Amino acid sequence: MLEKTGVPTKEELKRFIPSKKRRCEGPYAMIECFEEIPCDPCYAACPFKAVKEFVNINDLPEIDFDRCTGCGLCVSECPGLAIFLIDETVGNNQASISMPYEFQPLPEKGESVLAVDREGNIVGEVIVDEVKISGRKAKTPMVTILVPLNQVMDIRHFYLKRLNERR
Amino acid sequence: MKDTQVLVVGGGPAGLMAALAASNLGACVTLIDRQETLGGQLIKQTHKFFGTYKEQAGVRGIDIATRLSEEIKSSENGNLKTIQGGEVVAFYPDCTIIYSHNQTLKKIRYDRVIFATGASERMLLFPGNDLPGVYAAGAIQTLMNVNGVLPGDTYLMVGAGNIGLIVSYQLLQAGARVICVLDAMPKIGGYLVHASKIRRMGIPIYLRHTILEARGENKVEEAVITALDNNLRPVPGTEKVLKVDVISLAVGLNPLGELLEQCGLKFVYIPELGGFVPFHDEFMRTSRKEIFVVGDLAGVEEATTAMLQGRLAGLVAAQDIGYIRDGVDREIERILESLSKYRAGPKSFKIKEGISKLKTNDKQSVIEGFKYA
């Protein structure tokens with residue numbers, strides 16, 4: 001389906017979601033990369049070797065969630081903007097999602113923004129928790145939003161309210 | 001008397017790497033490019049590159065251009081000379097080219113020449129395609145990212161290959177509206193991570209769709225699109241009228257080989273490589289031993305492999321002239337290995353098919369001399 005829609009199905013996502021137990025233990029990287037393309041920065045960027053070394057540079061990434069500390073270094077290195085840092089242990093029935101955000105203007109901490117799913121549908125209003133610029137080879141803004149825990153697997157982007165009228 | 005040992009025509013990723021590789025081996029190199037800024041298409045590529053992290057993966061295209069241009073500048077005054085704003089206009093079989101620079105014509109004689117002239121964007125036939133507002137996607141990318149000009153507000157993108165997907169994303173970054181991306185094929189042609197990025201931004205991708213017509217008084221005001229059946233015929237009743245002021249065409253590239261035809265070089269027609277390409281071997285050498293082709297001219301692919309091909313041809317050309325150094329053969333081997341590793345994935349199926357046709361070189365696909373003959 002993904003190759004026809006650009007949107008992964010729940011089934012396709014499974015391979016990148018850690019076990020229930022691991023999800024309760026702290027932050028982890030979710031790599032939404034489903035196509036064999038020649039690319040290895042996620043492996044190279046991880047200081048904990050949580051992404052297995054590629055035999056063929058076209059291999060799909062394979063992540064060892066016991067090694068992943070949720071440091072988030074890979075998020076700004078992925079050229080495909082396909083890695084999300086997820087923390088389901090922030091409490092208050094919320095989760096945090098950190099994502100690369102290559103748009104101007106950047107949101108501000110505390111700003112209310114419109115959360116969207118993988119198809120761009122607005123699914124609620126959420127609060128921006130952190131904005132930072134990172135990336136070793138190319139500066140990439142990374143924005144963390146706080147989302148309802150039950151939407152943590154659906155929300156993958158956001159629109160600024162102040163720009164949304166234009167859409 | 002030769003003016004230079006290795007002449008490189010075109011200062012994009014392939015040409016820059018060729019010039020650097022040959023001059024690092026010691027050859028006297030002249031690099032000529034018709035633009036005032038080196039880097040070719042890299043200078044408008046604001047997205048991060050895929051590939052090997054040890055090399056250029058994760059770096060934005062424009063930063064690769066800056067890095068390579070700086071390397072070129074630091075080798076200048078030594079054995080590397082660049083001519084910017086110079087356009088090669090004629091090519092003769094006796095190792096001579098004529099270029100135009102500051103409104104005069106000048107001549108360069110060389111021992112080896114590496115052509116890295118790239119490719120040009122394809123047009124699509126439909127009524128109204130001559131209206132202002134119909135653009136090639138790469139042209140929009142140049143206007144937007146190099147010149148800071150957005151040619152319109154509301155866009156239709158035709159083509160879901162990498163260029164169509166990336167330019168759609170960059171249009172969104174620039175604050176434009178993209179109504180949809182459409183493609184006649186049944187699958188998304190570009191990298192799916194690029195597709196996912198624009199889907200998150202709410203842009204639909206319609207496969208098995210095409211544009212029927214552009215409408216407008218003096219400029220594009222509407223685009224008529226339609227669904228296609230499996231034989232690529234429009235399905236009656238599925239037409240939709242979109243209010244757009246720009247129609248962006250990202251429907252493929254043709255290798256730019258016109259210059260090489262001037263000296264009767266052997267061309268082959270290989271659709272997987274983009275159409276007519278100069279015949280060449282795995283070291284990028286053509287049917288004439290002094291002429292090499294690299295990058296999109298040798299087969300439309302992308303910048304990472306173009307850079308590898310450039311390095312390869314640069315080293316081989318310098319070796320030809322007599323610049324032999326320990327370890328260069330090993331380096332050449334490593335580049336060939338990198339190329340085959342890079343192409344080991346399913347997305348490179350087409351290019352590999354094209355290269356194998358080049359090797360088998362069957363009679364039907366080979367056209368000698370002028371392609372329009």
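The model is predicted. Chain A contributes an open, antiparallel sheet of 7 strands. About 3,700 Å² is buried between chain A and chain B. The largest nonpolar core has 78 residues.

**Sheet of chain A**

- The strand order is β1-β2-β3-β6-β5-β4-β7 in chain A, and the pairing is antiparallel.
- The edges are β1 (28–31) and β7 (155–160) of chain A, each of which pairs on one side only.
- From one strand to the next, the twist averages 40°.
- Helix α5 (residues 192–200) of chain B packs on this sheet. The helix touches β2 (83–91), β4 and β7 of chain A. Its direction makes about 50° with that of β7(A).

**Strand pairs**

- Strand β4 (residues 112–117) of chain A runs antiparallel to β7(A), and 5 bridges join them. Within this pair, L114(A) has Y159(A) of β7(A) as its bridge partner.
- Strand β3 (residues 94–100) of chain A pairs with β6(A) over 7 bridges, in the antiparallel sense. M99(A) is bridged to V143(A) in β6(A).
- β5(A) also pairs with β6(A) in the antiparallel sense, over 7 bridges. S134(A) has T140(A) of β6(A) as its bridge partner.
- β5(A) and β6(A) form a hairpin, with 5 residues between the strands. In the turn, G135(A) has a positive phi of about 115°.
- Strand β6 (residues 140–148) of chain A is largely enclosed by the rest of the structure, because 8 of its 9 residues are buried.

**Nonpolar cores**

- In the largest core, I145(A), L171(B) and I205(B) touch the most other members.
- Helix α4 (residues 162–173) of chain B gives the largest share of this core, 5 residues.
- Which residues does I145(A) contact, leaving aside its neighbours within four places in sequence? Among them are A95(A), S96(A), I97(A), M99(A) and V113(A). The list also includes V126(A), I127(A), V128(A) and D129(A). I155(A) and F158(A) are in contact with I145(A) too.

**Interface of chains A and B**

- Contacts link 43 residues of chain A with 39 residues of chain B.
- Carbon and sulfur atoms give 53% of the buried area of about 3,700 Å².
- The interface holds 4 salt bridges.

**Salt bridges between the chains**

- R199(B) and E119(A) form a salt bridge, with the closest N and O atoms 3.9 Å apart.
- R199(B) lies in helix α5 of chain B, and E119(A) in the loop between β4 and β5 (122–134) of chain A, so the pair joins two chains.
- R199(B) counts as buried, at 12% relative accessibility. E119(A) counts as partly exposed, at 41%.
- K187(B) and E3(A) meet through their side chains in a salt bridge of 3.6 Å, N to O.
- This pair also crosses between chains. K187(B) sits in the loop between β10 (177–183) and α5 of chain B, and E3(A) in helix α1 (residues 2–5) of chain A.
- K187(B) is partly exposed, at 43% relative accessibility. E3(A) is partly exposed as well, with a relative accessible area of 36%.

**Salt bridges within a chain**

- E88(A) forms a salt bridge with R23(A), with the closest N and O atoms 2.7 Å apart.
- E88(A) is in strand β2 of chain A and R23(A) is in helix α3 (residues 20–23) of chain A, so the pair ties together parts that are 65 residues apart in sequence.
- Is E88(A) buried or exposed? At 16% relative accessibility, E88(A) counts as buried, because buried means under 20%.
- In chain B, E213(B), R215(B), E222(B) and K243(B) are joined into one network by salt bridges that share partners.

Terms used:
Residues numbered from 1 in each chain as written. Chains lettered and ligands numbered in written order. Predicted model: local features only at pLDDT ≥ 70, side-chain atom pairs only at ≥ 80, totals over all residues. Heavy atoms only, no water. Pairing = 2+ DSSP bridges. Helix = DSSP H or I, 4+ residues; strand = E, 2+ residues; numbered from the N terminus. Axes fitted to C-alpha atoms, helices over the stretch in contact; angles between N-to-C directions. Contact = heavy atoms within 4.5 Å. Core = buried A, V, L, I, M, F, W, Y, C linked by side-chain atoms within 4.5 Å. Buried < 20%, exposed > 50% of the residue type's maximum accessible area, 1.4 Å probe, protein only. Buried area = accessible area lost by both parts, 1.4 Å probe.
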